[in-house]
Amino acid sequence: MLQIQRSPEVHDVVVIGSGAGGGTVVKVLTDLGINVTLLEAGPMLNPAKDFKEHVWPYQVDHRGVGPHAEGYFGKSPWGFSYFTAPNGYWNVPGEPYTVAPDSKFRWFRSRIIGGRTNHYGRISLRFSDYDFKPYSFDGLGTDWPVSYEEMSPYYDKAEEFIGVTGTKEGLRTAPDGKFLPPVAPRVHETLIQKACQKLNMPCVPSRMAMLTKPVHGRAACHYCGQCGRGCQTASAFSSSQAMIFPAMKTGKLRIITGAMARKLITDDTGRVTAVSYVEKATRSEKKIRCRAAVVAASACESARLLLNSQSTRFPNGLANNSGMVGRNLTDTTGYDLGGFVPALADLPRHNCDGIDGMHVYIPWWLLDDKRKDFPRGYHIEVGGGFDMPQIGFAHGEEGYGSALKSKMRAEYGAFVGFSGRGEMIPNANSYCEIDPTTVDQWGIPVLRFHFRWSEHESKQVRHMHETFAALIEAMGGKPEKKEIPERGVDAVSIGGEIIHEAGTVRMHEDPKQGPLNRWCQAHEAENLFVADAAPFLGNPDKNVTLSIVALAWRTAEHLAEEMRRGNV
Amino acid sequence: MSDNPLSRRELLRNLGISAALAAPRAGLVSAQVAQHVHEAVAQEKTAAPKSEYAPKCFTAHEFKTLQRLSDLIIPADDHSPGALAAGAAEWIDYMASNSPELAQIFTGGFGWLDHHMQQHHAVDFIDAKPEQQVALLDVIAYKKNETPENAPGIRFFSWARNLVTDAYYTSPIGIKDLGYMGNSAMSEFHVPEEALQYALKRSPFA
């Protein structure tokens, strides 16, 4: 049996989760002199030990396949690859989730200080003015109780702190920010820019959270292109290295790792008085008392925690008298197409590692086009170049011998790829709820997902396919053979796969429409805040992380002000 | 591809995976690549693996068959050493020693190759003439040749090619063969004008 241990101490603010949102709240509050206790379900991160930056594949016995060749049999124990920064999983051991029979959904979770920011793509795009007012823009979705004008100063703070490359372009679909110098385009990226010119599409320097100049004591990038492995010099943003480690030095932060939050405890007035969690190492139940709680466990995990925090006052889960917790679940749409570009064959070799991922990108360009048959839009991420060869390099090839060897050499670096990342309109079929029959290894009820793309997304992805093929052909290339499935929705990535879940604990001025007010503070529990992508009212074609940081920053400042005034 | 997170996020890291596109063409050799190859050959000569590697998983006969296959799949050429010198057989043996599933695929494949050669030429694969070995590979290296009789051979050869190329292109020799020049620290990022002009001249934007 789990033993419950109570601590008499009252912590000022308990933050649950240490990713982009939790890290930001920790940073802002500790900077303001507030004592914070951070609960993280995974272990402490140790970059010196955990990051595999600069490791060659041959320096590892199994070269990345896995010690028992797991990768060859679809059983890789790593979320992305052996070399990727820890610590995330498509299947967390002992912590299942379920998916309704008519749905498909995949849930990538992280269990480590820094969460998914340790490995993420670091694409940092501001939401546009119309993204905050989508219903006013085209009658779909719900307006945020926050405007771009209100968010803009927080985007400034976020960009100035985490460091984002870019250039001022004056595009409504890609608002300008406080940018570090951009990185020069690679050879294939110059060709892509020319193809875009020909097709009347913008293609601008990418906006990435990598430091092209030193920022806040973090060194400038050394251009090894391995940001996804974790960066020893913290030149690529992660909440662990840029926010939490510095906060540890303030004396204001206490971190409890290996702590799986089970439930928020409330009193008769609806205030959160304590957090109950499982200390994984001992399988014992602990409780810490708090003045305020900030839930930043990632959109779905935060919804799960609230839904599991039932009480007489909150029979549907904490702050869920509206029944909206878990609803409006969205992810980004994804579709990829690559192709071989003869102009790049046998390209003179050079080091083109640069910053991980793209140096240029294509923001949405058809906002005002009345002919398109789907709402909103998508941005395009580009890829190619001479990457470090890895396991899988020649899989799918045919033949053998010197012909194969020459072909691999000639074609190395001669492929380009386009990835569309588009907006999903929230729909009633996509939500998460507590599975009534399943608990995880800690006895905590798990989530059950319902998820369906609509015609909006399937039409958007068809448009992506045609656009990418046209771009590749404009470069003189040959798109890979790929048929768009009969049912358009089958061409879209599986829900959750792009790892941009949002919307499950949304803001709304009307407590019946959303659990949180415009400060991401629960209508029904005034010392409860949510600081991840759960409060979002939409999921624009602009990856969520920068907006999580900006919104969490604003939330943390509000919380601090409310504490100062004695309201919380 | 799209249902695999590795491919999605690292799509372009591994774009070779989605290849199967253009015909082979003669390689242009840059001075840098040539230099790498020379270094690789020199290194290989000085650090030649002990000739008597003791297989951990396969029998001596199976291991010889694997070595021959790796040499056929990625041979040495005037550009660089091949998979034999890069230790592909040793790596596959090591991986198979830690994966019964993988070991079975390879021992089964070796058995199929020997049985096939015995039926047609009354010798094991390793003892067949090079032209007989090549004639068999010309069949089983291509999916379009599939018949009920050779389907297991085609399936096995795909595994063999995948693992031999994996071993090769993740080895110092294979990485130098391709001419990958990164994985180092640079104070600033720039693109050589020579490379840019090379691509632009060959592109529709010339």
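Predicted model: local features only at pLDDT ≥ 70, side-chain atom pairs only at ≥ 80, totals over all residues.

Reader: How many helices and strands does chain A have?

Author: Chain A has 11 helices and 18 strands. Its C-alpha trace spans about 75 × 55 × 50 Å along the principal axes, and 61% of the 568 residues are buried.

Reader: OK, switching to the open sheet of three strands. What's the strand order?

Author: The order is β4-β16-β15 in chain A, and the pairing is mixed. β4 (98-99) and β15 (431-439) are at the edges with a single partner strand each, so one side of each has no neighbour in the sheet.

Reader: Which helix packs on that sheet?

Author: Helix α8 (residues 299-308) of chain A, which touches β15 and β16. The direction of α8 makes about 60° with that of β15(A).

Reader: How do β15(A) and β16 pair, parallel or antiparallel?

Author: Antiparallel, over five bridges. In that region A:Cys432 sits opposite A:Phe449 of β16(A).

Reader: New topic: where's A:Gly94?

Author: A:Gly94 lies in the loop between β3 (88-89) and β4 of chain A.

Reader: Is A:Gly94 buried or exposed?

Author: Exposed, because A:Gly94 has 9 C-beta neighbours inside 10 Å.

Reader: What does A:Gly94 contact, leaving aside neighbours within four places in sequence?

Author: A:Asp440 and A:Gln441. The C-alpha atoms of A:Gly94 and A:Trp442 are separated by 8.3 Å, though these residues are 348 apart along the chain.

Methods. Residues numbered from 1 in each chain as written. Chains lettered and ligands numbered in written order. Pairing = 2+ DSSP bridges. Helix = DSSP H or I, 4+ residues; strand = E, 2+ residues; numbered from the N terminus. Contact = placed C-beta atoms within 7 Å. Axes fitted to C-alpha atoms, helices over the stretch in contact; angles between N-to-C directions. Buried ≥ 20, exposed ≤ 12 C-beta atoms within 10 Å, placed from the backbone.
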